[in-house]
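Biologist: I would like to know what stands behind the labels used for this model. Please give me the value and the cut-off each time.

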Amino acid sequence: SSGNENDFAVTNLVATDQMVDSPTNNFPTFNPLCKITAATNSSTLSEGNLKAVPSGSHAWPGTFAADSGKWYWEVLWTAGTATGGRYMVVFDAGNADEWNAGPDIGWGTGRYGVVYDGNVGDIYNNGTGNITQTGLTTLTDGDIISAALDLDASPATVQFYKNNATIGNAEDLNASASGIWGLAVNSNTNWTWYLNTGSDSSFAGEKTAQGNQDGNSIGDFYYAPPSGFLALCSSNLPDPS
């Protein structure tokens, strides 16, 4: 509605097409400019870069990273057509080598990351010797995996959740890393990931929106963020000096 009688008709729009993301408060999405992938693979982003469908081994990082604060985000996983790994990742976003890591983001000499492997129920911590927790819950179609990243703790930690229940114990982040940490997902085959960093708790209409907000009354989450953890959005970030 323009105010000058130049009004658009509503066509093919539903409530879940409207999000709280705006020019004055931006939320992270999957980064369309950084396709971390094996050379022969491809991937498709849609739904405002919040839906990722990889073909072959592929990792998608988010558009925001942080070096302080306590942050929460969620990812919905839906079943694909084949078996293989599916991973939730917190990685050393200040390490240039990570951005050339292919699908192995968070793994490898000189790279640091904490990875929840939803295929077998393991947690990898490249900073402390690869597999650090085993025998944990695995992913099934429709699960929501979330992460609470505490960069104000000493050492900094990340805790993963499945459907709002903790997955194992919180993992320490490596003190030798750059100190700048980001989110990513990684899949070996045609699974679909829906990212919610606080802009859409319906996951593009896959779920019924729940409308939970962080402690600053910001965001739209499926589950209430843990106490003290915020949406990683521009309104919650400090003003540049």
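Modeller: The model is predicted. A search of the whole structure finds 1 cavity of 30 Å³ or more.

Biologist: How much space lies in the largest cavity?

Modeller: About 40 Å³.

Biologist: What makes a residue part of the lining, and which residues line the largest cavity?

Modeller: A lining residue has an atom within 4 Å of a cavity point. Phe64, Ala65, Ala66, Trp71, Trp73, Leu149, Trp181, Gly182, Leu183 and Leu232 line the largest cavity. Strands E4 (58–66), E5 (70–78) and E13 (181–187) each supply at least two residues of that lining.

Biologist: Why is Asp122 called buried?

Modeller: Buried means under 20% relative accessible area. Asp122 has 11% relative accessibility, so Asp122 counts as buried. Asp122 is found in strand E8 (residues 122–125). Leaving aside neighbours within four places in sequence, Asp122 is in contact with Val115, Tyr116, Asp117, Ile131, Gln133, Thr134 and Gly135.

Biologist: Does Asn169 count as buried or exposed, and why?

Modeller: Exposed means over 50%. Asn169 is at 55% relative accessibility and therefore counts as exposed. Asn169 is found in strand E12 (residues 165–172).

Biologist: Which residues is Asn169 in contact with, leaving aside its neighbours within four places in sequence?

Modeller: Gln133 and Gln159. A contact means heavy atoms within 4.5 Å.

Note on methods
Residues are numbered from 1 along each chain as its sequence is written. This is a predicted model: local features need pLDDT of at least 70, side-chain atom pairs count only at pLDDT 80 or more; totals for chains, interfaces and linings use all residues. Side-chain values use heavy atoms; hydrogens and water are left out. Helices (H or I, at least four residues) and strands (E, at least two) are DSSP runs, numbered from the N terminus. Buried means under 20% relative accessible area, exposed over 50%, partly exposed in between (1.4 Å probe, protein chains only). On a 1 Å grid over the protein atoms alone, a cavity is a set of points where a 1.4 Å probe fits but cannot get out, and a pocket is an open set with protein on both sides within 12 Å along at least five of seven lines; lining residues have an atom within 4 Å of a point. Grid points are joined across faces, edges and corners, and a volume is the space filled by probe spheres set on the points.
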